[in-house]
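I opened this notebook to record what I looked up in the structure. The entries go from the whole chain to single residues.

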Amino acid sequence: SLALILNTTAYAAQISDPDLSQKNAINQMHHKLHADQASAKAKEAQTLTELNEMTIRENADLTAINAKIDELMLAKKNIMRLRYAHLVEMRKILSDEQKIEYDKAVLNRSAVK
C-alpha cells in the first residue's frame, strides 16, 4: 500500500501527492536500500556482540577492543553512506514543490536508524 511505502522512512512520508511513477520509484528505492543495508546491519550487530563479549572478559584487551570499535564504526559508516545516497536519490524524483517539505524533514533528522 502507499502508506506502507511512504512510511518505510520518516522523511519519505513528507512527500506530498506522489504520482504513480514516483510511488513505483520510491518502492524500488526502499527495497534496494533495505537489501543493500542488510549485510552492513548484520555486520554491525555481530561486531557489537563481539565488542560486548570482549569488554566483559577478565583482563580485557583495550587494543583489541579499540580495533573492534573501529570495525563497528566501519559498518555504521557504510550504513550511513547508503542512507544518505538514498536521500539524494529520493530527492531527484521530486518536484520543486515536493522538495520543500522533504528538505525540511531531512534537516530535522536527529538519528540514523
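Before counting elements, I noted the rule: helices (H or I, at least four residues) and strands (E, at least two) are DSSP runs, numbered from the N terminus. By this rule I found 4 helices and 0 strands in the chain. Read from the N terminus on, the elements run α-α-α-α.

I recorded that this is a predicted model, in which local features need pLDDT of at least 70, side-chain atom pairs count only at pLDDT 80 or more, and totals for chains, interfaces and linings use all residues. Residues are numbered from 1 along each chain as its sequence is written, and side-chain values use heavy atoms, with hydrogens and water left out.

**Entry: the chain as a whole**

I looked up the accessible surface of the chain, which comes to about 7600 Å², with 56% of it belonging to carbon and sulfur atoms. Such areas come from the Shrake-Rupley method with a 1.4 Å probe; for residues, only the protein chains shown count as cover. Of the 113 residues in the chain, 29% are buried (under 20% relative accessible area; exposed is over 50%, and partly exposed lies in between; 1.4 Å probe, protein chains only). I then turned to contacts, meaning heavy atoms within 4.5 Å. Among those between residues at least 6 apart in sequence, 61% join residues at least 24 apart.

**Entry: helix 3 and helix 4**

At what angle do helix 3 and helix 4 pack? I read about 165 degrees for helix 3 (residues 62–92) against helix 4 (residues 96–107), with the axes 10 Å apart. Helix 3 is therefore roughly antiparallel to helix 4, a term for angles over 145 degrees. The axes are lines fitted to C-alpha atoms, for helices over the stretch in contact, and angles run from 0 to 180 degrees between N-to-C directions. I noted the crossing of these two helices as left-handed: the near helix is turned anticlockwise from the far one by less than a right angle. Helix 3 contributes His86, Leu87, Met90 and Arg91 to the contact, and helix 4 contributes Lys99, Tyr102, Asp103 and Val106.

**Entry: two alanines**

Is Ala105 buried or exposed? Ala105, which is in helix 4, counts as buried because its relative accessibility is 14%. Its C-alpha atom is 9.6 Å from that of Ile15, 90 residues away along the chain.

I next looked up Ala25, in helix 2 (residues 20–55). Ala25 has 19% relative accessibility and so counts as buried. Between Ala25 and Met90 I read 8.4 Å, C-alpha to C-alpha, across 65 residues in sequence. Met90 also belongs to the helix 3 side of the contact with helix 4.

Notes:
Parallel < 35°, antiparallel > 145°, perpendicular 65-115°, else oblique.
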